[in-house]
Amino acid sequence: GPTTAYKLFTLLNLFCFVLLGAWLPSKINKGKDAAVITVFFFISGMLSYGFQFELERGQYNVITFLLCLSAVYLFHYHPRQRWLAYILFTLSIHLKVFPAIFVLMFIDNWRDWKAILKRMGLLFLLNLAALFILGPQMVWDFINGVRLLGAESSIFIWIGNHSIRSFAEAALPKIMEAYHQTAPSALTLSIVQWVLLAAVLLCLLLVVIKAYRQNQTGLNPYFLWVCTLAALAIPSISHDYTLALLPPVMSIFLAAVYPQSQQRRVWQTLSLLSVILLSAAYVATLFSFTNKPILWQNDLPVLMIMLFIGTGLFLMPKDAPGQTTLQV
């Protein structure tokens, strides 16, 4: 029955969040402070509004992201198991579409374009072939379902949808009204959407360019951070239960930012201030919009701040190989 199914699915979600929020970061995070960071973000994520909303709605974004992040982990840390990584990644895309943006994480040598194009092409063909497992009729049903969802997506536009479109069409007019400003025109709202989308894509592009120039190998936590925030902001339907994806990635990101290499004091100070602001922005995502002032009820502004900070930390000059150092 529905009640038993919901209980079982809730237990599955809890188990997957333990793997996603504690086990995977512990395998990726390095350094003596990594365990403390991992435990802190696991607990904060378990108690967060996003994860509670996920459980209440019986959603499966945590399960999907566990498959996606596990695939990324296997690709970079267990090269012999890459075939399994591709299968897990394909499964995640067929559960939810947003993991597709993490295909950028499946790059181990930025200068080997032939291998990159071959891998991307094979992943595309694998995902295309998987659509036909249940027959061509299911493919057409899926396409028609996506079209119908796109046509009716306006019914999902509300304050608890932190997508770029929802912010422009629902949150921004509400903010303007609260501050006794004239309601923005349809053209203005469209411009806001395009500007925000361009900002997200620019951050992605900047991270790609620097990763290419440095030809970094292994799992890049900055790249993972930017891809995660882009996956939260770009889809037109991105309800607040997807905020449950932030804690494990925040854990991986901050564990990489904190402990390594040497920097000039001015960059150390700026890095420290950036991480303090980033942490404050993260805390703002842990609470429901009903407990926030109207300016921050929709989480997109906070997510954009986190995106800009993460991109800025990656672009900061380093005096030695490694990641950003914070001396506290």
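## Core, rings and cysteines in a predicted model

The largest nonpolar core here holds 92 residues, and Phe-65, Phe-102, Trp-225, Leu-246 and Met-306 have the most contacts inside it. A nonpolar core is a set of buried Ala, Val, Leu, Ile, Met, Phe, Trp, Tyr and Cys residues joined through side-chain atoms within 4.5 Å. This is a predicted model, so to speak with care: local features need pLDDT of at least 70, side-chain atom pairs count only at pLDDT 80 or more, and totals for chains, interfaces and linings use all residues. Residues are numbered from 1 along each chain as its sequence is written, and side-chain values use heavy atoms, with hydrogens and water left out.

**Confidence**
- Mean pLDDT (the predictor's confidence in each residue, from 0 to 100) is 89 for the protein, and 93% of its residues reach 70 or more.
- Residues 320-328 stay under 50, and the model has 36 contacts for them beyond four places in sequence.

**Around Phe-65**
- Leaving out residues up to four places away in sequence, Phe-65 touches Leu-20, Phe-98, Phe-102, Thr-228, Leu-245 and Val-249; a contact means heavy atoms within 4.5 Å.

**Cysteines**
- With a disulfide taken as a pair of cysteine sulfur atoms within 2.5 Å, the count is zero.
- Cys-68 is in no disulfide, and the nearest cysteine sulfur, in Cys-227, is 9.1 Å away.
- Seen from Cys-227, the closest cysteine sulfur is that of Cys-68, and 9.1 Å is too far for a bond.
- Cys-68 is buried at 0% relative accessibility, and Cys-227 is buried at 0% too (buried is under 20% relative accessible area, exposed over 50%, partly exposed in between, with a 1.4 Å probe and protein chains only).

**Aromatic rings**
- There are 19 aromatic pairs, meaning rings of Phe, Tyr and Trp (its six-membered ring) with centres within 6.5 Å; planes under 30 degrees apart are stacked, over 60 edge-to-face, and the rest tilted.
- Trp-158 and Phe-289 make an edge-to-face pair, because their ring centres are 5.7 Å apart and their planes are at 85°.
- Trp-158 sits in the loop between helix H7 (136-151) and helix H8 (164-178), and Phe-289 in the loop between helix H12 (265-284) and helix H13 (300-315), so the pair ties together parts 131 residues apart in sequence. Helices (H or I, at least four residues) are DSSP runs, numbered from the N terminus.
- Trp-158 is partly exposed at 30% relative accessible area, while Phe-289 is buried at 18%.
- Phe-75, Tyr-86, Phe-89 and Phe-106 form one aromatic cluster.

**Charges over rings**
- Arg-111 lies over the face of Tyr-212, 4.7 Å from the ring centre.
- The charged end of Lys-210 sits over the ring of Phe-314, 5.4 Å from its centre. The rule is NZ of Lys or CZ of Arg within 6 Å of the ring centre and within 35 degrees of the ring normal.

Terms used: Helices (H or I, at least four residues) and strands (E, at least two) are DSSP runs, numbered from the N terminus.
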